[in-house]
Amino acid sequence: QALCGAFNSQVMLNLQLKRPEVARVREYLKQARFATPVVAMIAFDQSLALDFTAAFVADDSCLAWVSNNNKKVGAQESFRSSRELWTLIGTADYSYHLFENYGPRGYKNI
């Protein structure tokens, strides 16, 4: 369902961008670089016992965000797992270059 929504949104956007009154926006968007972020979930057998739940990562060329999925704020129910699960999100530049260098699959063994 989400994919259909994205497709429909893209179709509508394409139709709107063909209108002459948005020519400047269309030209600007042709110069924009779109990058899918690299996202990884890592499971640890034991707690890392870190003193934060989530953080933006400053001054790192690869990593932009980390968060502990076991401690999500505002969840209706507590997230339960026998492992500690962390989500890591790469920076826009790192993600872009990873996909450019490794093709459409964009995967790299680390």
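**View 1. Burial and overall make-up of the chain.** Of the 110 residues in the chain, 14% count as buried. The model is a predicted one. Its accessible surface comes to about 9400 Å², and carbon and sulfur atoms hold 56% of that area. Among the contacts with a separation of 6 or more, 55% are accounted for by residues 24 or more positions apart.

View 2. The chain comprises 3 helices and 4 strands. Read from the N terminus, these elements follow the order α-α-β-β-β-β-α.

View 3. The 4 strands form an open sheet in the order 1-4-3-2, and their pairing is antiparallel. Strand 1 (39–44) and strand 2 (54–56) are at the edges with a single partner strand each, so one side of each has no neighbour in the sheet. With direction ignored, neighbouring strands of this sheet are turned by 15° against each other on average.

**View 4. Pairing of strands 3 and 4.** Strand 3 (residues 63–68) is paired with strand 4 (residues 84–90) in the antiparallel sense, over 5 bridges. Leu63 has Gly90, in strand 4, as its bridge partner. In general, the strands of a sheet pair through backbone hydrogen bonds.

**View 5. A nonpolar surface patch.** Val25, Tyr28 and Leu29 together make a nonpolar surface patch of about 300 Å². Val25 is located in helix 2 (residues 23–31). The relative accessible area of Val25 is 44%, and this residue therefore counts as partly exposed, a class that lies between the limits of 20% for buried and 50% for exposed residues.

Key. Residues numbered from 1 in each chain as written. Predicted model: local features only at pLDDT ≥ 70, side-chain atom pairs only at ≥ 80, totals over all residues. Heavy atoms only, no water. Helix = DSSP H or I, 4+ residues; strand = E, 2+ residues; numbered from the N terminus. Buried < 20%, exposed > 50% of the residue type's maximum accessible area, 1.4 Å probe, protein only. Contact = heavy atoms within 4.5 Å. Areas by Shrake-Rupley, 256 points an atom, 1.4 Å probe, with all protein chains shown as cover. Patch = residues over 30% accessible without salt bridge, like charges linked within 9 Å, V, L, I, M, F, W, Y side chains within 5 Å. Salt bridge = Lys/Arg side-chain N within 4 Å of Asp/Glu carboxyl O. Pairing = 2+ DSSP bridges. Axes fitted to C-alpha atoms, helices over the stretch in contact; angles between N-to-C directions.
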